[in-house]
Amino acid sequence: MPLILDASPSPSPSPSPASPAIESSPTTIRRLEHHESDVVIVGAGILGTSLAVTLARQGRSVILLEKCLKEPDRIVGELLQPGGVQALEQLGLRNCLENIDAITVKGYEVIYYGTGVEIPYPANAAGGEILEATGRPLAGEIIDSRRLGRIRRPEGRSFHHGRFIQQLRSAAMREENISLIEGTVTGTIKNGWTGQVLGVEAERTKAGRKDVFFGQLTVLADGYASRFRKEFITHSPVSKSRFYGLELIDADLPRSMHGHVVLGEGAPVLLYQIGTHETRALVDVPEGTPTASHANGGVKEHLRRVVLPSLPKCVQSSFEKSLDDGKIRSMPNSWLPPSTQQVPGMVLLGDAMNMRHPLTGGGMTVAFNDVLMLRDLLSPEQVPNLGDTEHVKRQMRTFHWRRKNLTSVINILAQALYSLFAANDPHLRALQHGCFRYFQRGGACVDGPVGLLAGIIRQPFVLFYHFFAVALLAMWLMVRKSPLWRLPWTLLATVGVFWKA
């Protein structure tokens, strides 16, 4: 039976006779009555909830704590790349994408000063399905396009973030090895001699009283505004811009089932459908943008005077209507490099440990793939006793290095593309132009970059190859359009472009 402990008196009442499975399980009774478990997870978000379900299915006893179990309302975490969909399926949670009005995403449309280019997810990379002529999928990933039949390209999904979170939480509530508790975690409990984290202290939301929860391993996954980050790692998030979000109703996007990146004189704008009738518009506003200053009318006037005219004509009316409705929300765009923690009994994960600019929509893909790795590294076969802190620390060091193939690609790509798309100097603008012209070439010039972005190509060398190919193309374009008399100065400028890259 699903259990939500949010208001029951202390100690918790004994399970009723109608629940024989609970009565017969000493582990469950220990979790319910004494608040002792194998794992305590703080944060029932993307990573915390999926990790709780994954560990519970391996037989671990899990206490999952969340300060508010109402449906969250956020403006990011709404687009899951194909690499994330693939990981979700491997975790047995693909059904969480159902019944939430999720939209199929087949790739991107990049619009550069009014000119668009389609960037579909690649069919020649792992992540799609090989279909027979009948349309039936063959087992396995794409191996060779010359094999039988045709290839279905990998697909992402976009959705209302809160609906997806509630589906994940419902999956957690169906697991009898999980107790989902509503309460605000106020601190960790440590062994005064060894420094080992033994659990957490929390204030129960409905009961209005403090309680303690113990676990052999404590996982802190309390998101981008983590209250524990400063306690356990030395890095702090760096934020140089904010996303301002609008929800457009019945917007007419240039290309259906695609995310849109609009590039022009200002910072980038993202457009993607999150429901049958709803489209999310995310406008990046860097710190110190003059047209968004209070003296010039603030962000709303910036959106109206600067951003609105730069959007595709077919979107402008719905954008303006949403602007008039006045519901504008914002979130910081943060960068936080990953850290290996060596505190016994505790790990920090998710956005609490590692963040990148949300421009590329890679956060959830990273989270689900992290859970996949942890499923194997912390399995009962690998770590029979999670209280063996030295063994857990060794496994977490392995985790830190194994995740680099994917996370280094997504992290670097997110930061590099943002610098490129928000170009604020001549060298970056030259690279931006080169990037768009590179995409226009099609073929491998599109498949490689979007395969990296989608989380289905996980080779850092491919990222560096394409990035410097863009730089060389940008340099060539500068030389080709330069008058002969300016050629020496142009050549000097190309050195600056390469150095910037």
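The lining of the largest cavity in this predicted model draws at least two residues each from β6 (107-112), α11, α12 (426-440), α13 (444-453) and α14 (460-481). The volume of this cavity is about 270 Å³. Its lining counts 21 residues, and those closest to the centre are Leu413, Leu417, Phe439, Pro449 and Leu453. By class, 19 lining residues are nonpolar and 2 are polar, with no charged residue.

In total, the structure contains 6 cavities of 30 Å³ or more. The second largest cavity holds about 70 Å³ of space. Ser339, Thr340, Gln341, Leu348, Leu349, Met353, Met396, Phe399 and His400 form its lining. Helix α10 (residues 389-402) is the main contributor to that lining, giving 3 residues. Here 5 lining residues are nonpolar and 4 are polar; again none is charged.

| Cavity | Volume | Lining by class |
|---|---|---|
| Largest cavity | about 270 Å³ | 19 nonpolar, 2 polar, no charged |
| Second largest cavity | about 70 Å³ | 5 nonpolar, 4 polar, no charged |

Helix α11 also packs beside another helix. The axes of α9 (residues 363-377) and α11 (residues 404-421) come within 10 Å of each other and cross at roughly 170°. The two helices are therefore roughly antiparallel. On the α9 side, the contact involves Thr365, Val366, Asn369 and Asp370. On the α11 side, Leu406, Thr407 and Ile410 take part. This contact comprises 3 nonpolar, 3 polar and 1 charged residues.

Strand β6, named above for the cavity lining, belongs to an open sheet of 7 strands. The strand order is β7-β6-β16-β17-β18-β15-β19, and the pairing is mixed. From one strand to the next, the twist averages 20°.

Helix α8 (residues 313-325) lies across β15, β17 (269-273) and β18 (278-286). The angle between α8 and β15 is about 105°.

How values were computed: Residues numbered from 1 in each chain as written. Predicted model: local features only at pLDDT ≥ 70, side-chain atom pairs only at ≥ 80, totals over all residues. Heavy atoms only, no water. Pairing = 2+ DSSP bridges. Helix = DSSP H or I, 4+ residues; strand = E, 2+ residues; numbered from the N terminus. Axes fitted to C-alpha atoms, helices over the stretch in contact; angles between N-to-C directions. Contact = heavy atoms within 4.5 Å. Parallel < 35°, antiparallel > 145°, perpendicular 65-115°, else oblique. Nonpolar A, V, L, I, M, F, W, Y, C, P; charged D, E, K, R; others polar. 1 Å grid on protein atoms, 1.4 Å probe; cavity = no way out; pocket = protein on both sides within 12 Å on 5 of 7 lines; lining within 4 Å. Points joined across faces, edges and corners; volume = space filled by probe spheres on them.
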